Amino acid sequence: MSLKIPLNNDWTYNDDFDSLPSGKMVRIPHTVAETPFNYFDESIYQKISGYRKEFEFPKDAEGKRVFIVFEGVAHKADVFINGKEAVSHGCGYTAFEADITDLLKKDALNEVKVRVDSNETLNIPPFGFVIDYMTYGGIYREVHLEIRPDNYIKDVFSRGTASGKLELDVTFAKKEESYDISLTKKDSEEKVFSAEGIESTHFAGKVEGIRKWDLDSPELYELTVTSKDDSFTTAIGFRDSEFRSDGYYLNGKMVRIRGLNRHQSYPYVGYAMPSSIQKYDADILKNELGVNAVRTSHYPQSRHFVDRCDEIGLLVFTEIPGWQHIGDEPWKEQVVKNVEEMVMQYRNHPSIILWGVRINESVDDDELYKKTNSLARSLDPTRPTGGVRYLKKSSFLEDVYTYNDFSHDGKTPGVEPKRKIVTDPEAPYLVTEYNGHMFPTKAFDCEEHRLEHALRHANVLDAVAGFDDIAGSFGWCFFDYNTHQDFGSGDRICYHGVTDMFRNSKQAAYVYSACGDIKEPFLEVSSSFDIGEHPAGNRGKTYIYTNCDSVKMYKNDLFIKEYTHADSEYKNLKNAPIFIDDYIGDQMKKNEGFSERQNKIVKEAMNYIAVYGMNNIPVKIKMKLAEAMALYHMKFEDAYLLFGKYIGNWGGTTLKFVFEGYKDGKLVKTINKTVFHKLHIEAICSSDVLRESDTYDVAAVRLFIKDEYGNIQPFFMDSLPMSIEGAGEIIGPKSARINGGMGGTYIRTTGKGKITLKISCPEGFEGIFEENETVLEFEVR
């Protein structure tokens with residue numbers, strides 16, 4: 001039977017391949033350059049570096065074949081075993097392997113050396129012109145040896161339908177053999193199907209009582225194919241996935257795709273993160289942001305990430321590497337090879353619903369894209385192809401017309417109608433990017449800018465939901481990312497994300513959390529209610545983001561209004577933002593003796609002026625003011641005093657707003673907005689139990705500066721000194737960067753035991769923070 005041996009520890013690394021065997025000891029995943037948070041360029045990782053490791057001839061390998069498997073090396077890898085070249089690979093985003101049996105020594109140490117070229121001058125995708133993301137470098141995904149019998153099972157392509165139909169194609173290394181099938185529930189020994197003595201390489205059968213793979217119940221099974229000498233195990237989900245002209249259907253039910261685009265990069269280490277952190281991204285997308293889909297822009301991503309999408313029910317659109325540019329013939333040959341590797345390596349994942357077989361935002365190239373479409377369909381007839389484009393009415397060779405719609409500018413409609421984009425009105429249609437560069441937003445931008453960012457995302461989501469012929473959309477993008485000088489802000493960060501680089505939610509993320517399918521009650525308010533944050537002291541527009549049934553608003557403990565989603569100006573999007581249009585309620589009726597009519601017209605005018613100010617008052621509001629003066633003999637001085645008393649609260653008690661969220665009539669969430677007196681550090685960790693197994697583990701530590709009421713302080717900009725003890729080390733600087741009241745750090749294991757991380761408040765803040773030090777404990781097993 002095949003045996004897997006991890007090969008991730010005790011590598012020697014050198015920035016110069018020719019300087020091996022000297023160098024420093026590293027573990028895989030590894031990046032060729034730890035980077036600053038910002039203000040760096042691509043020269044930091046462009047080099048021809050080297051990795052070297054010694055290993056013994058595996059004791060179980062006698063009479064068998066030995067392969068070395070690399071899951072991802074950026075970007076060109078030349079692998080040498082005992083000085084002889086074993087394989088060369090020209091894609092930084094797919095796995096590759098080499099049969100090294102005949103190159104090994106049985107009675108001495110064996111040496112593997114890898115020449116890693118991470119220069120952006122390589123003649124392979126995505127290189128050749130400008131690229132809107134850093135490409136990094138290194139052996140950034142895991143490495144292992146595999147011991148296989150001579151006639152090993154090379155591949156099993158499995159697929160299951162919602163009705164329980166099971167099909168698989170088995171490929172042997174040398175000759176066909178009979179084999180057995182066993183199907184069990186994943187993480188269980190409960191067998192649900194078996195078949196023995198199958199002679200044909202193609203099998204079709206029916207599994208009774210199967211549970212479907214779905215968004216809410218992503219049931220997974222473990223399929224094992226066993227021959228005389230080998231076995232092959234893969235996860236499988238039983239589902240029907242189909243794009244139609246009117247949308248996307250999962251198991252016969254229409255699902256509006258609501259997703260985000262994801263890069264695979266992280267602060268300081270680029271692409272190099274282990275399994276747990278890859279999976280954590282999927283968890284954030286599904287459980288915090290509430291999306292139901294992700295696009296792996298602009299390349300295939302870690303199998304661990306896609307594994308987690310399988311496990312939690314997150315739809316995946318994955319695509320070949322590339323960004324706009326199409327190169328020469330050798331470059332195009334690599335494109336076709338990338339399609340083959342992508343489909344072959346990922347086609348057993350039930351979460352994947354669409355293959356991207358066109359270079360992102362490239363021009364039409366029918367000769368090339370006929371090849372990529374044909375190849376993808378031949379390798380996987382069960383999934384459609386797409387090709388992300390910025391062109392309307394372009395040459396349509398794929399099954400789904402996938403288009404980046406950046407038409408929305410805050411005032412124009414959220415998206416353009418399908419009929420203006422596609423060549424074939426019956427073609428399935430999917431919006432694959434929107435917003436992004438149209439309105440970059442930092443976590444520390446002014447409140448009005450952060451709100452506009454959120455509303456633009458809401459506008460697009462609402463518009464897509466209003467069309468009955470758009471399958472859905474993927475927003476640009478999940479998180480901020482480092483980029484080249486041609487893009488991004490002056491610090492070379494693209495602030496296009498709905499979260500920051502540490503995956504902390506900006507205000508735009510609240511739109512997704514509210515309208516998504518997260519289970520926990522969600523309630524946020526767009527404003528801190530500090531009038532100095534707005535021009536002329538106006539309150540500005542304020543919105544409620546919530547998945548609650550209703551939200552009661554109180555001002556200084558007085559009830560003002562109860563808001564429901566029927567109050568939202570958005571009519572298509574579930575749980576859309578709700579505009580706060582009343583800061584007064586019935587207070588003037590009670591305190592000033594106003595009649596119903598007088599209270600109504602004065603309140604409407606004052607609420608308008610509170611938001612928009614005195615300039616350019618519309619005729620409708622002027623008429624109400626005139627009515628108040630004529631019928632109720634009110635003067636400007638009266639209005640001024642009322643405004644100060646009920647809106648401005650100048651000179652009064654400390655202004656306090658309370659929002660209570662209700663579900664099924666029960667209070668489930670409360671937000672307090674008032675003057676703060678103390679700050680504190682809040683930490684969210686991906687896990688406090690880490691595991692040293694095939695390689696090191698990492699904990700993501702997301703940090704927030706909040707007041708005593710739990711409100712993030714968006715203008716807190718400082719660094720938090722850190723120290724660490726025990727079986728771990730800090731990745732990156734020894735102080736946690738905080739921008740816009742949010743930031744983070746990463747802890748990497750160095751062995752088994754305990755880790756203590758101490759995070760201190762900045763110097764000079766010792767009396768302002770409730771605690772001067774926050775202590776986090778981790779256990780490494």
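Predicted model: local features only at pLDDT ≥ 70, side-chain atom pairs only at ≥ 80, totals over all residues.

Tutor: Two strands are said to pair if DSSP finds at least two bridges between them. Strands (E, at least two residues) and helices (H or I, at least four residues) are DSSP runs, numbered from the N terminus. Residues are numbered from 1 along each chain as its sequence is written.

I begin with an open sheet of 3 strands, ordered β33-β34-β37 and paired in the antiparallel sense. Its edge strands, β33 (523–525) and β37 (578–579), each pair on one side only. Between β33 and strand β34 (residues 543–546) there are 3 bridges, and the two strands run antiparallel. L523 has T546 of β34 as its bridge partner. In general, strands of a sheet pair through backbone hydrogen bonds, either parallel or antiparallel.

A helix also belongs to this picture. Helix α6 (residues 507–515) lies across β33 and β34, and its direction makes an angle of about 45° with β34. Such angles run from 0 to 180 degrees between N-to-C directions, and the axes are lines fitted to C-alpha atoms, for helices over the stretch in contact. Contact here means heavy atoms within 4.5 Å.

Another open sheet, of 4 strands, has the order β36-β35-β38-β39, again with antiparallel pairing. Its edges are β36 (558–564) and β39 (666–674), each of which pairs on one side only. From one strand to the next, the twist averages 20°. Strand β35 (residues 550–555) is joined to strand β38 (residues 656–663) by 6 bridges, the two strands running antiparallel. S550 has its bridge partner in β38, namely Y662.

The axes of helix α8 (residues 596–612) and helix α9 (residues 619–632) come within 9 Å and cross at roughly 140°. Angles under 35 degrees count as roughly parallel, over 145 as roughly antiparallel, 65 to 115 as roughly perpendicular, and the rest as oblique. The orientation of α8 and α9 is therefore oblique. The crossing of α8 past α9 is left-handed, a term that applies if the near helix is turned anticlockwise from the far one by less than a right angle, with clockwise giving right-handed. On the side of α8, the residues that meet α9 are R597, Q598, I601, V602, E604, A605 and Y608; their counterparts in α9 are K620, I621, K624, L625, E627, A628 and Y632. The contact of α8 with α9 divides into 8 nonpolar, 1 polar and 5 charged residues. In that classification Ala, Val, Leu, Ile, Met, Phe, Trp, Tyr, Cys and Pro are nonpolar, Asp, Glu, Lys and Arg are charged, and the others, Gly among them, are polar.

In strand β15 (residues 179–185), 5 of the 7 residues are buried, and the strand is mostly covered. Buried means under 20% relative accessible area, exposed means over 50%, and partly exposed lies in between (1.4 Å probe, protein chains only). β15 pairs antiparallel with strand β16 (residues 191–198) over 5 bridges, and T184 stands opposite K191 in β16. The hairpin of β15 and β16 has 5 residues between the strands, and D187 takes a positive phi near 60° there. β15 also pairs antiparallel with strand β18 (residues 221–226), over 6 bridges, where S182 stands opposite T224.

Some backbone features complete the account. Most residues other than glycine have a negative phi, and most peptide bonds are trans. K393 has a positive phi near 55° and lies in the loop between β27 (385–386) and β28 (401–404). K393 is partly exposed, at 44% relative accessibility. N435, in the loop between β29 (429–433) and α5 (447–466), has a positive phi near 65° and is buried at 4% relative accessibility. The peptide bond joining S297 and H298 is cis, with omega about -5°. The bond from W476 to C477 is also cis, with omega near 0°.

Definitions and conventions
Heavy atoms only, no water.
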